[in-house]
Amino acid sequence: MFGTAKIIADERSNSLLVFATRADMERIKHVVSQLDVLLSQVLIESAIIDYSLGPNTLNFGVSAAQNPQTITGNPSTQIAGGINNGQTFLNFLTNATGSVASSGSSFASALPGGLSYFGNIGPNWDVAMTAAAADSHASIVQTPSIMTSQAKPAQFFVGNTVPYVTGNTYGSAYGNTASYSQLSVGVELDVTPFINPDGLVVMDIQQEIDALNGSTLIEGVGNIPNTIKRTLTSEVAVKDRDTIMLGGFIENNKSTSRSGVPVLMDIPILGDLFTSRSDSKQREELVVLMRPTVLRTPEAAAAEAVAEQKRLPGVSQVEAENKAEVSEEIQAEQRAEQRGAHAGQKGSGLFAPAPQLNPVMETNTNAAPVPMP
């Protein structure tokens, strides 16, 4: 293409050695100036929002029991009956009163959660009622960020490793041994961006979110950790500083149960006295958002780093405290070296005294060297 021109690349110094005619040299310079440009960098910010609502539960029920009664006659007859809308109600009736009577503890300490009430109707009927409701929610927001260059793959991982036993060996020459493995649990983001001149960023993304979820006992091995795994693999195109939703997951769980005395439980209002009801609702949402920011020059990347630092007051405060501590340590060391230098001590610090020379003669620019007195 360039005639008899010869081009040698020196990777060590990132330079080209060119042997060519003047005309070819001009053409080569033009081509190199078009190719030898600084690649843009991109800051990729990801937001993982995990919101769990519930479980929201409601339990209500009334239980009644008739103490055994004897009907005189020949022969005599004993009768008893009751409505048991939950075995725990009657257990509470007997356990609470029995524990208070035997141990003398506070009655309130024997109460279960929620509203509980029991009473005696005449000498024959015991009645227990309970009502309990629970409402909870939790949110987890993770915002991993990573910076990389054009077409350069980047990997981000934050989490921990969980060791677990994978096998046991018995009766070997070295005694009983066990083999272990490490399970990585956390958030991992792998991304490779491609940036065009118009600021459009095409990203090849692979994201994985792992969380511990109890363990499973395997006979002869031990407890093996369970994990909840969420993975996302995609290739998306998004403009500079625009936000895109990579994926969303919404799960709703709702359960309702109702039991009681046939016919009586269907009576309006009064039917609640012969019914046990349990309701549960749970909703879980998982959304993954991502935003690329193209940084054309190193100065833009540095400015973005400063802006991010100002946006994080905790990081700025820790950095300032660390600088103050280091400055105090340096000043204390300098004062110690100065005191040692003034006292004539030898040292290797910044303020160590200079070695004393024993000059033999002094040079005079206008006269011959003469011995020192």
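Me: Which residues make a nonpolar surface patch of about 320 Å² here?

Reply: In this predicted model, the nonpolar surface patch of about 320 Å² is made by L264, I267, L270 and L273. To place one of these residues, L264 lies in the loop between β13 and β14.

Me: Is L264 buried, partly exposed or exposed?

Reply: A residue is called partly exposed when its relative accessible area falls between the buried limit, under 20%, and the exposed limit, over 50%. L264 has a relative accessible area of 32%, and therefore counts as partly exposed.

Me: What is the phi of R241, and where is R241 found?

Reply: R241 has a positive phi of about 70°, although it is not a glycine either, and it is found in the loop between β12 (222-239) and β13 (244-260). R241 is partly exposed, at a relative accessible area of 48%.

Me: Which residues touch the most other members of the largest nonpolar core?

Reply: That core has 21 residues, of which I44, V191, M203, I205, L246 and M290 touch the most other members. At least two residues of this core come from each of β3 (41-71), β10 (175-195), β11 (200-218), β12 and β14 (275-295). Leaving aside neighbours within four places in sequence, I205 has contacts that include V191, L246 and M290.

Methods: Residues numbered from 1 in each chain as written. Predicted model: local features only at pLDDT ≥ 70, side-chain atom pairs only at ≥ 80, totals over all residues. Heavy atoms only, no water. Helix = DSSP H or I, 4+ residues; strand = E, 2+ residues; numbered from the N terminus. Buried < 20%, exposed > 50% of the residue type's maximum accessible area, 1.4 Å probe, protein only. Core = buried A, V, L, I, M, F, W, Y, C linked by side-chain atoms within 4.5 Å. Contact = heavy atoms within 4.5 Å. Patch = residues over 30% accessible without salt bridge, like charges linked within 9 Å, V, L, I, M, F, W, Y side chains within 5 Å. Areas by Shrake-Rupley, 256 points an atom, 1.4 Å probe, with all protein chains shown as cover. Salt bridge = Lys/Arg side-chain N within 4 Å of Asp/Glu carboxyl O.
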